[in-house]
Amino acid sequence: MSTPSGNPSASKIANVMQETRVFPPPSQFTRQALISSEAQYRELYERAKHDRDGFWGDLARQQLHWFRPFEEVFVGEGHQVAWFVGGQTNLSYNCLDVHLDRALGDRTAIVWEGEPGEQRRLTYTELHREVCKFANVLKRLGVQTGDVVSIYMPMTPELAIAMLACARIGAIHSVIFAGFSAEAVADRNQDARAKVQLTADGLYRRGKVLPLKDTIDEALTKSPTVQHCVVLQRVGNDVSMQVGRDHWWHDLMAATSADCPATPLDSETTSFILYTSGSTGKPKGIRHTTAGYNLWVKQTFAWVFDYKPTDLFWCTADCGWITGHSYIVYGPLSNAATILMYEGAPNFPAEDRFWDIIERHRVTILYTAPTAIRAFIKWGDHHVDKHDLSSLRLLGTVGEGINPEAWMWYHRKIGGERCPIVDTWWQTETGGIMMSPLPGITPTKPGSCTRPLPGVVPLIVDEDLQPVETDHGGMLCIAQPWPGMLRGIWGDDARFVQQYWTRVPGNYLTGDNARCDSDGYYWIMGRIDDVINVSGHRLSTIEIESALVSHPAVAEAAAVGRPDDLKGQAIAVFVTVKIANPSAELKDELKAHVRKEIGALAVPDDIRFTSALPKTRSGKIMRRLLRDIAAGKEDISQDTSTLEDYSILAKLRGDEE
Ligand code: WT7
């Protein structure tokens, strides 16, 4: 059935998952865990739900340093909220200075390994010093509280230093994953009105050098607001430095004082923006705050990863994604944790690199993505068998749902059947983890993110906004505000309201479909909209389509996801061209074009030329239908009653290639 809004009835989503395996937490894990009984979880959960302000007020006072105490825990409603009103704190101070004050300065903050194999260790004292110096560098370049700093850097300690330096002075960082194209960087810089660009000469990826500065040079021709560019020397390749605009990181740091007190910032001060794809194409800059975000990532890190001072925590994400922001930098460092940071690819020099790293550094907690796990499975068990993984005590996943069979492999092969797995559901927008097992108490079911954390009140509704029954899929919403929630889309309040707060009034609409089973366990069922999730990264169809259409030979394009064992989804595009008899070479050209426009991760896996696209009478491309065709399904399960021209269906199935 199709509704006037053009969306399938969410409550009609089939529940095809029949997973009955349950894995209770190992008792020795439970004994030492921060949350170690069901009663303790219940108590936290009920208090956070029924005495929200008392609960978060107490935690905020305990967990964060306040230059000025807050007067009110929460004001507002719906999308207009403020937490810890009247208070002043600082993210960088909470990640660094508080630990020095508690004589933890000698503790290792970052254990870093470069792709070629170099290693560095920074204690909290050393990290603090570097951050203070770089904050002074930023100030000298004219950066003030509220200015946007665009960061396009390799996974080096300097990337974390740059983020923390921004936070120290209240500058807003916008980290852009270093795989994005010059176009994509320029778009984001323009939208954010970035004042300073941070980058490196290059980065190592799978043994090769990627010339980051060249990409930035191109991006900066279309980033008129950027006045300065700071370049970290990472690989030593030749780069051109524009006099007056470009500066070497090491030159600026050389003569700089390490005295830079953290700026007291109002709780609601924007800490960073992070661009993520939306269904309407233009990337949206998700805006997070200072105090609420800090508390959320600090507390969720402690609950979910059960961190102990003897742990070495490794999150394999890149800082260019929210996972890196929240669980490489701000969450762990707020907890005085020791993190491992790895620069490169998981298959360099060989497919056992991750296991080699775990064995050599004695990593105890591993947090990675299902897409990586699927790659490891494909590469073969012999890579794992070569290594001693007995240091591991906890495993985590993030970014997309994990297939139960991949979960089982992770559990057996990596966890040795002794490590709990925390399947963490959350979003760029939520700031930090929302639903996850608590490793000491929650029996896990492969494929379920289990239960909400204290402070998270989920609600699943159908198309008519009615709460769905047990085991029925529907739109997942969050019914109560939480401190880590996004506060807006940079420069686009209307889109913020429209996207998250309109369809289900009074609730935050996640954009995911989900169901809740009879044990109160949540199962995420995928996106409501058309976003394609490649290797855990969200890409919107329209962005890919727009890139294709910008090629002179292309008239029209539709992008859909089709199932892919490795990447979760692969990108299939249907293209109508302006020329007769399009060639195979044109396909390669289009792939190269998308790579240039958006970046390597948006390059289509399949390109099919077609004479026309299936459309509704109102002119909308029917992507759902294309999805079935791309997946090779014989029977189209989709409603075709709104299809404008039925003959197209036969053509689409028949005349490709
Ligand atoms: C979307 C958010 C979470 C940080 C990295 C991705 C999907 C994420 C899970 C999970 C099922 C998941 C959802 C969500 N997702 N984690 N554990 N199980 N789906 O952040 O790019 O903002 O993507 O990723 O669809 O809405 P993001």
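In this predicted model, 71% of the contacts in the chain with a separation of 6 or more are accounted for by residues 24 or more positions apart. The secondary structure of the chain comprises 20 helices and 30 strands. Its division gives domain 1, residues 90-345, and domain 2, residues 531-654; over C-alpha atoms, the centres of domain 1 and domain 2 are separated by 35 Å.

Along the principal axes, the C-alpha atoms fill a box of roughly 75 × 65 × 55 Å. Overall values for the chain are as follows.

| Property of the chain | Value |
|---|---|
| Residues that count as buried | 62% of the 657 residues |
| Accessible surface | about 24,400 Å² |
| Part of the accessible surface belonging to carbon and sulfur atoms | 50% |
| Positive side chains | 68 side chains |
| Negative side chains | 81 side chains |

The centres of the positive and negative sets of side chains lie 1 Å apart.

T428 is placed in the loop between strand 20 (421-424) and strand 21 (458-461). Because its relative accessible area is 11%, T428 is buried, the cut-off being under 20%. With residues up to four places away in sequence not counted, T428 touches L274, T276, I286, H288 and I322. Domain 1 spans residues 90-345, a range that includes these partners of T428.

Conventions
Residues are numbered from 1 along each chain as its sequence is written. This is a predicted model: local features need pLDDT of at least 70, side-chain atom pairs count only at pLDDT 80 or more; totals for chains, interfaces and linings use all residues. Side-chain values use heavy atoms; hydrogens and water are left out. Domain bounds come from an automatic or database domain assignment. Helices (H or I, at least four residues) and strands (E, at least two) are DSSP runs, numbered from the N terminus. Buried means under 20% relative accessible area, exposed over 50%, partly exposed in between (1.4 Å probe, protein chains only). Contact means heavy atoms within 4.5 Å. Accessible areas come from the Shrake-Rupley method with a 1.4 Å probe; for residues, only the protein chains shown count as cover. Lys and Arg count as positive and Asp and Glu as negative; His and the chain ends are not counted. The place of a charge is taken as NZ of Lys, CZ of Arg, CG of Asp or CD of Glu.
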